[in-house]
Amino acid sequence: MKRIISSVIMMLLATVCFHPIMAFAEVNGPEVNAVAYCVMDADTGEVIISKNMDERMYPASITKIMTSLIAFEQCKDLDDEITFSETALNISTISSTLHPVAKVGETMSFMDAMYGLMLSSGNECANAIAEYTYGDIGTFVAKMNERAQQIGAVNTHFMNAHGLHDTEHYTTARDMDLIFREAIKNKNFVKVSSTPTYNIPETNKEDARYCEAGHRMILGTIPCEGIIAGKSGRTKEAGRTLMTAVERNGKTLVIAVLKTNDNNLYSDTQILIDYGFNILEGNYPAVSWQLVNDKVWADANVKIRKYPSSYATQVGILKEGVSAQRVATYDKWSRIKVGNAEYYVDSHYVVTDKSQLSKNNKSTENNKENTEDTRAEGSLLEMEKESSSIEMPENDSPHDQIKQSSRFLTQTRDKLIQYFGEDWEIVAVLMTGIIIVVVILIVMLIRKGKSNR
């Protein structure tokens, strides 16, 4: 029995020690949900802020940035005709394609296929463009890897032109920024990847098709000042990935976000854009938090956010007339303490003197003369559940087949994240291990008891 228990403990230690989450998390910027990110100055190639930027990750459909770059660099005539072969259509039946999917023998112009590639994320378009450019897909993929090395993306290796999962198809956040930085130098690439919608004309096999950008900032459903190009991606293994190029005040940033989820994809990106431009413009790190120790009252229902950004995840609400302990301020943000955690509220909606509350709040306070002040701890909303995913056909996970995790598992995960932050997965592994050991011990004791009868 001792030998069995020792073996189990050794296995658990090995699992924890070699669990990928144990890898050192290099962070030089805001802590967001994404496992890895890199914000780069497109003009100089300087990394502005980053997190795990050199960790190997799966790119999913942002692979198509390299596909389109090489195709544009090699194409002599944008009006050339592309024919979809049987090989080009040999893709997963649940992956992203044109709507309807292309047919064997169908032809369309090179540019129409590029719009299908970058807007609809058509995997058959990736294969057809590869065959058109170099005669066969294998040669095209070899050129992708060669070009990546030339650009300096030395930790990237492609196995296909579309981004469907392959364990040997990987990149890093820094490498994707380098590739994207090169791509936005090409005016045709920018033209296609900045287009919100496009109609592919009728072909020899199909009626006209409507294409819509998968990148919601390009589409315009999520506002972003100065956006000039972008591409989204998704597979089960890669999670959500997003590439974004933004220009403001004569400066351009390229932002790679790897392995996040539907709920955080764009909020992560918005936070990184804000931080990146503030650093370029000299606002960070010159601006520092001023430590305080006072009380503030909400003059309206004010959102409590995870980070000091209007795009950060909302974790709760500080209700009108409710007070909270403030620990620091800067610019328009106040950092408040809720339990043992610290969150952020917009300073415009809080006051430091109860008498400054609006008339409605004063009457509310008068009705509570004989009660203690309501504290922020009581006003926090339950962590937001997984909301409905943004509908977006992407690799391996078309929007009509996405399944949300169970409510219990989601709540358990959220609680772990709330208490343990980035280390929640390590804690989950340890807890699982302890449960397994306890179960094994109970089983062994029961068996021993039966054998002694």
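Student: Among contacts between residues at least 6 apart in sequence, what percentage join residues at least 24 apart?

Tutor: Contact means heavy atoms within 4.5 Å. Among contacts here between residues at least 6 apart in sequence, 66% join residues at least 24 apart. This is a predicted model, in which local features need pLDDT of at least 70 and side-chain atom pairs count only at pLDDT 80 or more, while totals for chains, interfaces and linings use all residues. Residues are numbered from 1 along each chain as its sequence is written, and side-chain values use heavy atoms, with hydrogens and water left out.

Student: How many helices and strands are there in the protein?

Tutor: Helices (H or I, at least four residues) and strands (E, at least two) are DSSP runs, numbered from the N terminus. The protein has twelve helices and 17 strands.

Student: How do helix H2 and helix H5 cross?

Tutor: Axes are lines fitted to C-alpha atoms, for helices over the stretch in contact, and angles run from 0 to 180 degrees between N-to-C directions. Angles under 35 degrees count as roughly parallel, over 145 as roughly antiparallel, 65 to 115 as roughly perpendicular and the rest as oblique. The axes of H2 (residues 64-74) and H5 (residues 137-151) come within 10 Å and cross at roughly 95°; the two helices are therefore roughly perpendicular to each other. Residues making the contact include Met66, Ile70 and Glu73 of H2 and Phe140, Lys143 and Arg147 of H5.

Student: Which residue forms a salt bridge with Arg147?

Tutor: Side chains of opposite charge can pair when their charged atoms come close. A salt bridge is a side-chain nitrogen of Lys or Arg within 4 Å of a carboxyl oxygen of Asp or Glu; by this rule the count comes to 13. Arg147 pairs with Glu182, their closest N and O atoms being 3.1 Å apart. Arg147 lies in H5 and Glu182 in helix H6 (residues 173-183), so the pair ties together parts 35 residues apart in sequence. Arg147 is buried at 16% relative accessible area, whereas Glu182 is partly exposed at 23%. A network of salt bridges links Glu73, Arg147, Glu182 and Lys185.

Student: Where do Glu146 and Lys143 lie?

Tutor: An α-helix has 3.6 residues a turn, so residues three or four places apart point the same way. Glu146 and Lys143 both lie in H5, three residues apart, about one turn of the helix. Their side chains meet in a salt bridge (4.0 Å, N to O). Glu146 is partly exposed at 42% relative accessible area, and Lys143 is partly exposed at 29%.

Student: Which residues form a nonpolar patch on the surface?

Tutor: Patches are made of residues with over 30% relative accessible area and no salt bridge; like charges are joined within 9 Å, and nonpolar side chains (Val, Leu, Ile, Met, Phe, Trp, Tyr) within 5 Å. Ile434, Val438, Ile442 and Ile446 form the patch, with about 360 Å² of accessible area together. Ile434 is located in helix H12 (residues 424-451) and counts as exposed because its relative accessibility is 55%.

Technical notes: Areas by Shrake-Rupley, 256 points an atom, 1.4 Å probe, with all protein chains shown as cover. Buried < 20%, exposed > 50% of the residue type's maximum accessible area, 1.4 Å probe, protein only.
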